[in-house]
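Please walk through this protein with the model open beside the text.

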Amino acid sequence: MNNGITCRFLGGGEEVGKLAMTLDLDGMKLLFEYGMLPGKPPLYPLPPPPLDLAFLTHAHLDHSGMIPLLCSHADQTIITTKLTAVLSNLLHKDSIKIAKMEGYSPPYSTRDIKEAEHSVLPVDIGQKRPIGDDCEVAFHSAGHIPGSLMFELIGSKKILFTGDFNVADTRLLYGAKSVSCDILFLETTYAGREHPKRNELEKAFLDKIEEVVGRGGVAVIPAFAVSRSQELALVLRKAGHNVWFDGMGRKVSKIFLKYPRHLRSVENLRKALNKINFIHSDHGRKLALNSDVILTSSGMMDGGPVLSYMNKLKDDPKSAVLLTGYQVEGTNSRLLVEKGQLDFYGVKEKVSCEVQYFDFSAHAGHSELISFAKACNPEKIVLFHGDNREAIVEPLSAIAEVHTPCNGEVFTV
Ligand SMILES: [Zn+2]
Ligand SMILES: [Zn+2]
């Protein structure tokens with residue numbers, strides 16, 4: 001007999017950020033993700049109930065950010081890939097540093113971070129493992145960032161939890177494949193929005209850099225340290241520019257090279273990184289200011305070396321800032337796009353550089369979400385991780401029963 005499966009979003013149901021969802025299965029209490037929304041102030045999900053098992057799809061802080069807190073209260077088992085564990089550990093340490101810098105008390109200690117690292121039960125793409133008496137879980141690549149997973153629970157019903165996923169092949173990763181299931185938990189970051197074609201996007205991006213370099217400027221590319229920086233290094237590989245690389249992305253790149261199974265081609269990544277100058281000193285930073293391209297964190301320009309470069313280049317109309325990720329409201333990159341200004345640690349200043357946005361997103365776009373859901377052929381779909389879920393309810397209602405639960409609401413599917 002099946003009375004349905006009870007779930008609850010502790011956060012991240014109706015928005016992108018601080019994702020966490022509990023799911024009751026065969027008497028077990030499972031948790032998917034325990035994230036945070038970095039910001040001023042940072043936002044956290046509701047406290048979790050006692051758990052049997054936690055699942056983590058990937059390292060981004062909106063999914064992994066509060067995992068150490070779970071481990072500060074009780075012994076936990078966290079199922080994820082080894083690569084995600086390593087990357088999360090790096091991001092957790094960084095988020096404590098940022099919290100302290102911005103005057104917020106960190107929600108957990110470095111000891112909790114260590115505890116979280118030891119709580120991981122590492123799994124691999126393509127594997128299956130039993131959970132409880134009558135259920136097993138299979139691990140599929142999510143194509144989102146290296147190490148990212150989708151979880152398939154196989155019991156009396158088949159359940160797929162996507163986390164963040166991308167179906168398009170990128171330079172760094174192959175896209176995710178659909179998984180046939182009864183209940184589909186579908187992220188909806190890009191519901192209502194389509195992406196440009198990848199090859200056209202890359203061409204426009206490279207053309208713009210050519211133009212900036214041609215007029216004697218520097219192209220500054222603020223990029224997320226995890227995955228986006230490496231994707232862009234691959235895009236830039238054959239363009240022949242003098243590229244300099246700064247920020248946490250350097251460390252992440254070296255980690256990626258140790259996990260070739262999570263990459264489309266470790267050889268291509270190695271070749272791309274070999275063509276780039278890694279910056280290790282102030283001398284390197286000076287040289288970079290006279291180069292063609294500076295690739296650096298942070299992606300939304302709220303900190304990191306990008307601000308020191310912009311401080312030097314802000315009055316140069318020949319230079320350009322090429323944004324490659326989404327600009328969340330309240331971030332410095334959003335301020336730059338909307339008002340042509342940047343906040344340099346409390347002082348807002350005008351920026352004369354050209355500003356352009358290129359959509360190198362690692363999420364499925366609107367039509368891709370629909371085709372993916374269709375191919376999974378579910379009876380029920382639960383939409384989460386999006387602030388515009390409504391945009392996709394109608395097309396999906398044609399194929400399944402669609403749920404859009406609120407944060408905190410207990411619901412049954
Ligand atoms: Zn993500
Ligand atoms: Zn996410």
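Ala85, Asn89, His92, Lys93 and Ile96 of helix 3 meet Thr110, Ile113, Ala116 and Glu117 of helix 4. A contact here means two C-beta atoms, placed from the backbone, within 7 Å. By class, the contact residues of helix 3 with helix 4 divide into four nonpolar, three polar and two charged. Ala, Val, Leu, Ile, Met, Phe, Trp, Tyr, Cys and Pro count as nonpolar; Asp, Glu, Lys and Arg count as charged; the others, Gly among them, count as polar.

The model is predicted: local features need pLDDT of at least 70, side-chain atom pairs count only at pLDDT 80 or more, and totals for chains, interfaces and linings use all residues. Residues are numbered from 1 along each chain as its sequence is written, while chains are lettered from A and ligands numbered from 1 in the order in which they are written.

Now the geometry of that first pair. Helix 3 (residues 82-101) and helix 4 (residues 110-118) pack at an angle of about 170°, with axes 10 Å apart. That makes helix 3 roughly antiparallel to helix 4. Angles under 35 degrees count as roughly parallel, over 145 as roughly antiparallel, 65 to 115 as roughly perpendicular and the rest as oblique. Axes are lines fitted to C-alpha atoms, for helices over the stretch in contact, and angles run from 0 to 180 degrees between N-to-C directions.

Step back to the whole chain. The protein has 13 helices and 22 strands. These are DSSP runs, numbered from the N terminus: helices are H or I, at least four residues, and strands are E, at least two. Of the 413 residues, 48% count as buried. Buried means 20 or more other C-beta atoms within 10 Å of a residue's own; exposed means 12 or fewer, and partly exposed lies in between, with C-beta atoms placed from the backbone.

The protein is divided into domain 1 (6-193 + 362-412) and domain 2 (198-357). Those bounds come from an automatic or database domain assignment. The C-alpha centres of the two domains lie 28 Å apart. Domain 1 gives 19 residues to the contact and domain 2 gives 18. The side of domain 1 that touches domain 2 has 13 nonpolar, four polar and two charged residues.

Next, helix 6 (residues 228-236). Nine of its nine residues are buried. Its cover includes helix 5 (198-214), strand 12 (219-222), helix 7 (249-257) and helix 8 (266-274). How do helix 6 and helix 8 pack, and at what angle? The angle is about 80°, and the axes are 9 Å apart. Helix 6 and helix 8 are therefore roughly perpendicular to each other. Gln230, Ala233 and Leu234 of helix 6 meet Asn268, Leu269, Ala272 and Leu273 of helix 8. The residues of this contact divide into five nonpolar, two polar and no charged.

Finish at Asp164. This residue is found in the loop between strand 10 (158-161) and strand 11 (183-187). Is Asp164 buried or exposed? Asp164 is buried, with 25 other C-beta atoms within 10 Å. Leaving aside neighbours within four places in sequence, Asp164 is in contact with residues including His58, His60, His144, Glu187 and His363. Asp133 makes a contrast: Asp164 and Asp133 are 31 residues apart in sequence and 29 Å apart in space, C-alpha to C-alpha.
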